[in-house]
Structure formats: structure tokens, C-alpha cells
Amino acid sequence: MRTIIYWFSGTGNSFHVAKSLQDNLDDVELIPVTKALNGDIEIAPKTGLVFPVYAWGPPVAVSKLIERLPSNKPDYLFAAVTYGTLPGTTIAITRKMLKNRGLQLNAGFSVRMVKNYPPFGGAPKEQKQRKINSAAETGIEKIVAGVREGKCGDLSKSNFFMSFVGHLVYPIFKAGLSKQKNSKFYADDKCTSCGICEKVCPVRNVQLADGGRPIWGNQCEQCFACFHWCPENAVQYGKKTSNQFRYHHPDTKLSDMTLN
Ligand SMILES: Cc1cc2nc3c(=O)[nH]c(=O)nc-3n(C[C@H](O)[C@H](O)[C@H](O)COP(=O)(O)O)c2cc1C
């Protein structure tokens, strides 16, 4: 059955899940969410959304995509989310957003991968990154099998407490995002003006200024691709990130992230 997967990813975890689905299932097309937002959006008989958990909900770009999905019903609609600690209410919120568009989410999957949010300490050290990624492969295999078999239901790790608190967490995150002016991002003296931060930004929010140093606009999705993909660890967020570990999924290449 023809499958379209819309993916969003800052550090490549969700891209790796989308790619694993493509590599193991027949006739799968991968489309970056931010690219889809600039053109026509299609629903295939099997349609999937693969993205990271942001404050127990979907990234804003994913919610924008959902608002623009056509209302012709697919045979099977699924969401697969990657998270660092807890997926919270992400599947429930996504299901509700889709329902508002007249679409039914048939299955929701989740897999724990490496966390990447600098304000909460960022990524763990490399050895732990490897351990988490290796354990994640079992979860990804289950997602692939679930989608292949057309499994239904919320198969993510949610519980009642999470669903109660989570519905408060996500709106706060979204409101904060619309107010923030990205003043916390800057490039330090290690910056070589290579332009990778500009290339990996899925919403073209980073631009090299005249002097060759990046500047950040006001459209940030908080994916932290610019921060984690900088080869010199020169991109900082606030005052406490210079010693943090950087991370991207080892199987995701820079060229995958610049498809947006
Ligand atoms: C803005 C932001 C918010 C996040 N919120 C959560 C969260 O609420 N729960 C969680 O478990 N992980 C959270 N994370 C971690 C990511 O969901 C996790 O690292 C994910 O696998 C990253 O996927 P990616 O590599 O495709 O961007 C957050 C990360 C970012 C950047």
C-alpha cells in the first residue's frame, strides 16, 4: 500500500525512525514537514507523521501541517514520536488535532531516544548516547512491525497522570514559543562561518550576516538543529551551554537534514 510519511527532526532521531520505516516497508515516500508546508499536501492510503516530542506535544510545524491536511480519509493514519524522557500527552494531543480536521488517528507509537533539549541539560555523554540508541532499535523494529501489520490504538507510553498534567504543559510551551525572540542563540569565537547552522534550520530562521556570523530570526521551532549540528560546537543558547555535549543520530547524515 502506498505510504507517505511526513517527518520533522532537529537532531535526526525522528528522521532515523522515518528512514527505518522506508527501508523496511514497500513504496514509502518521505517528505519533510516544512517542505510540505510550502506546497500541496497529500494523503496516501497509508499516511504517517514522525516527529519529536516537544513539551508533551507535537512541534508547531507539525500542528500547522495537521491544520492543512486534506480531509480525504486514509486507510491507515499513524503517528510515531521520539522522546528523551517521557512522551506525555503527545499522541493524545495529536489525535485531537487530527480529529478537529475530521481525521482519525489509527495508531500512535513512541520510542525513547537521546534527549537534546539544552535548557534541561542537553544530550548525555557519548557512551550513554550509544547505549540509548542501541536500545531504541528494538522500539523502532516494533514500530516498523506495527505499521506493517496496521496495528491500532495508542501504543505509546502514556498514563493518566501524564494526560492530566500534559494538557497544561503543551499550551505553556506553545505560548512561550510565540513570544520568544531567539535572543538566547549566538555563535561564539569558535564559529568558522561554515554556514551549516543556516543549512540545517528547517524553517530558514538562521542566516549568515555580512560578517559571516549567523543571526537568528523570530521563527524558531526550537528544534536545536543549529546548536547540535555545528561542527565546532560554536552555537550557544544562553550562558550555560558551552560545555554541553552535542548530539545527532549517528545514522542521520547532514545531507538528510538539508532536504527541508
Ligand atoms: C523543544 C524541545 C522540547 C522537548 N520536550 C520533550 C518532552 O517533553 N519530553 C521528552 O521526553 N523529550 C523532550 N524533548 C527531547 C526530544 O523529544 C528528543 O530528544 C527527540 O528524540 C528529538 O528528536 P529529533 O532528533 O528528531 O529532533 C524535547 C526536545 C526539544 C528540542
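Me: Rings of Phe, Tyr and Trp (its six-membered ring) pair if their centres lie within 6.5 Å; planes under 30 degrees apart are stacked, over 60 edge-to-face, and the rest tilted. Which residues form one aromatic cluster?

Reply: This is a predicted model, where local features need pLDDT of at least 70 and side-chain atom pairs 80 or more, while totals for chains, interfaces and linings use all residues. Residues are numbered from 1 along each chain as its sequence is written, and side-chain values use heavy atoms, without hydrogens and water. The structure holds 12 aromatic pairs. One cluster is formed by Tyr117, Phe120, Phe185, Trp216, Phe224, Phe227 and Tyr237.

Me: How many residues apart in sequence are the parts that the pair of Phe8 and Tyr54 ties together?

Reply: Phe8 and Tyr54 pair edge-to-face, with 6.4 Å between centres and 85 degrees between the planes. Phe8 sits in the loop between strand 1 (3-7) and helix 1, and Tyr54 in the loop between strand 3 and helix 3 (60-68), so the distance in sequence that the pair bridges is 46 residues. Here helices (H or I, at least four residues) and strands (E, at least two) are DSSP runs numbered from the N terminus, and the number asked for is 46.

Me: Is Leu49 buried or exposed?

Reply: Leu49 belongs to strand 3 (residues 46-52). Beyond four places away in sequence, Leu49 touches (heavy atoms within 4.5 Å) several residues, including Tyr6, Leu65 and Phe78. With a relative accessibility of 1%, Leu49 counts as buried.

How values were computed:
Buried < 20%, exposed > 50% of the residue type's maximum accessible area, 1.4 Å probe, protein only.
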